[in-house]
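Welcome, and please open the model in your viewer. We will take a short walk through it, selecting one part after another.

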Amino acid sequence: MNSNINVTNSPALVEVSLRSKIFYVIRRWPVIPILILSIMVFIAVFAPLISPMGPKEINLRGRAAPPIWEKEWYDANPKNEITYLLGADHVGRDVLTRMFYGARISLAVAVISLTAGVVIGSAIGLVSGYYGGFIDEFSMRAVDVWNALPFLLIAILAAVTFGQEVWIVMVLLALVAWAGNVRNVRAEVLTLKTRDYVALAKIAGASDFRILMRHIFPGVVNTIVVLATLRVGGLILAEASLSFLGAGIPAQTPTWGNMISEGREWLSTAWWIAMFPGIAILLVVMSVNFFGDWLRDRWDPRLRQLS
Amino acid sequence: MRKYLIQRFSFGILSLVAATLIVFVLSRATGDPLLLYAKPGGYGMSPEQIAALTEKLALDKPLIVQYLIWLGRTVTGDLGNTLLAEQPVLDVIKMKIGATFQLGLVAWIVATAVGIPLGVLSAVKRGSVWDYIGRIFALFGQATPVFFIGILGILFFAVNLGWLDAAGRPTQEPFFPAQFKSLIMPTVALAWLPAASYLRITRSAMLEVLDSEYIKLARAKGVSQRAVIWRHALRNALIPPITVSALILVGFLEGSVVVEAVYAWPGIGRMAVESIHNNDFPLLTGIILMFAVLYVLGSFLADIAYTIVDPRIRY
C-alpha cells in the first residue's frame, strides 16, 4: 500500500508518463493536422461572425498598415484608427479578414470540385472495371488522352473564354480530378469481381447494379477515400495557381491565391499582404497531405507507391 | 512489342488531335480574332481589309473546317503565322523554347540530384536525423505553391539581401555569374516539388527492397552493409524513380507557366499566357501542340525506360 502511494505521488514519474503519453498520441494519430483543418473549416463557416472588418471594407488611412507588432508605424500614424492584427493591404483592407473569407472560397472550391471529380472518376472506374471490353478500353484510352492535355493552359484559356467565375473554376478542377481515380478504382474492381461472393450474388439473380453497389463498391470505398484525401492538397494548389495567374476566381474576390497575386506588387514595402495567405495555403495543404498519408498507411497500404 | 508500339503511336496522335481541337475551339469561342488588329473604338479597318483578313484566316468557314485546314497545314510542317507579329509560329516557338529548356533541364538535374540521394539516405537511416530532414523537405515541397516559393525567394534574396535579381534573364551578359545567378531562384521554385516526389518514391521503394528476402539473405551471408545497399538494394529501388523521371522532365513544361510568370523568364510558358490574353490562336494552338507532343514522347520514354530497367516488364 505504502509503496503504491509513493509511486503515484512521485511527481517526476507522473509528469514523464503524461508527456510521453501525449507524444505517443501525437505520433500515432494525426492530431495536429486534424486540429489545423478543423480550425480552418470553423473559420470558413463562421467567417462573417469572427472577422474584425468586412472583406471589401477599405480604410485609406490604414494603407499598407503593418501587422500589430510593428508599433512604430501605429505611433507614427495616429490618424489611423484601426489596429490590424496581420496588417492591411494597399487600400487598407484587413489581411486577416480577407484570409477568413478566402478560406471559404478555397475550401469550398476544393471540396466541391473534388467531390464531383471523385464521383465521376470512381463511377467510370467501377463500370469499366466491372464490364470490361469496349467500355473499359474506351475509358482507359480517354484517361490517357486526358492526361496528355496541358491543363493549366487550357484552364487559363477557358477562363478567358467563359469569363472568370467561381463555378467555372470548380468545373475545371473537377475535370482535373476525375482522371486520377479511374485507374486505381478499376484495378481494384478487377480483383474484386472475381471473388466468390460476386459469383454467388450473380447466381442468386442480383442485377448488375445491385452487385456493383452492394458487393463491389464497399470494397473500393477505402481506396476512393484515400485517393480523394491525397488529391485535396493538389486541388487547393491548382486553384491558387489559377487565381495567381489571373485566370481563376475574379480578382476582387478574396481568395488566398488572389491575395498573394495582389501582394506581389507590394512585396518590397508590405510583405504581409502576400506572406500570410501563403502560409495559410502551406498549412492547409500540409495538413491535408499528412492526413492523407496517415489514412493511406492505415486503410490502404498498397497505394504507397503513389507519391 | 510491335503491336504495342503501333497502338501507343496511334493513341499518341489521338491525344495531339484532342488537345489541339479543344484549344482551337475554345480560343475561337473567345471572340473575333480580328479585334486584335482593330480595337473597338479605334481607327478600325476598312471593309476590304476585314474581308481580306477573313479570307486569309478562313474565318468565314465553319469551325471544324478551319480546324481541318489548320491540321492539313500542320502535317506539312507549316504552323501558320502569329496574328500579332505575323511571324511564323514555328520561328517564334524556336526563339523562346531555349530559355524554357534551359530552366527545365537545370531544374531536372537539381531535382534528381537532391531527391534520389536524400530518398535513399532517409530509407537507409530510417528514423535518423536524415530521415526527418528528408520528411520535412518533402512536406514543404509538396505543400508550398510554386509561386509562393518564388515570391518568398524574391522577398528574401532580392529585396532584403540583394544577392540575386528579382526577375529576368540577362542573355547579353556572360553565363557566369550573371546568367547563373538569374537561374538560381527559378530553378529552386521549379525543382522543389519534383525533388519531393523523387524523395518519397525513392524512399518507399528502398524501404520495400530493404525488407525483401534477398536482402535478408545477403545480410545473412555476411555481405557488408555498404555492399548490401549499393550492389543489392539500390539497383532495384531505383526502378520507380527512373520511370517517373521522364514524366517529371515533361512536367516542367507546365510548371514553367507559373515560374516564368513569377520571374519574368522569357520562355514558352510566359508566351503561352500572353497568346491567350491576346487571342493569338495560331500561336496558342502551336504551343499547345508542342506541349502535347512532348508529353506524349515523355510518357512513351517512361514506358520504354520501364522495360529497360526492369526486364520483368514486357509489352
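Helices (H or I, at least four residues) and strands (E, at least two) are DSSP runs, numbered from the N terminus. This is a predicted model, in which local features need pLDDT of at least 70 and side-chain atom pairs count only at pLDDT 80 or more, while totals for chains, interfaces and linings use all residues. Residues are numbered from 1 along each chain as its sequence is written, and chains are lettered from A and ligands numbered from 1 in the order in which they are written.

Start by selecting chain A. From the N terminus on, its elements run α-α-α-α-α-α-α-α-α-α-α-α-α. Chain A is more spread out than a compact globule, because its radius of gyration (taken over C-alpha atoms) is 25 Å, well over the 19 Å that the globule rule (2.2 Å times the number of residues to the power 0.38) gives for 307 residues. Of these 307 residues, 41% count as buried, that is, with 20 or more other C-beta atoms, placed from the backbone, within 10 Å of their own.

Next, select residues 146–160 of chain B, which form helix H6. This helix has 15 residues and reaches 20 Å from its first C-alpha to its last, close to the 21 Å expected at 1.5 Å a residue (the expected span is 1.5 Å times one less than the number of residues).

Now centre on Ile154(B): a kink of about 25° in H6(B) is centred there, the bend being the angle between axes fitted to the seven residues ending at a residue and the seven starting there. Ile154(B) is also buried, as are others in H6(B), including Phe147(B), Phe148(B) and Gly153(B).

Finally, step on to Gly162(B), which follows H6(B) and has a positive phi, near 70°.

Technical notes
A residue is buried if 20 or more other C-beta atoms lie within 10 Å of its own, exposed if 12 or fewer, and partly exposed in between; C-beta atoms are placed from the backbone.
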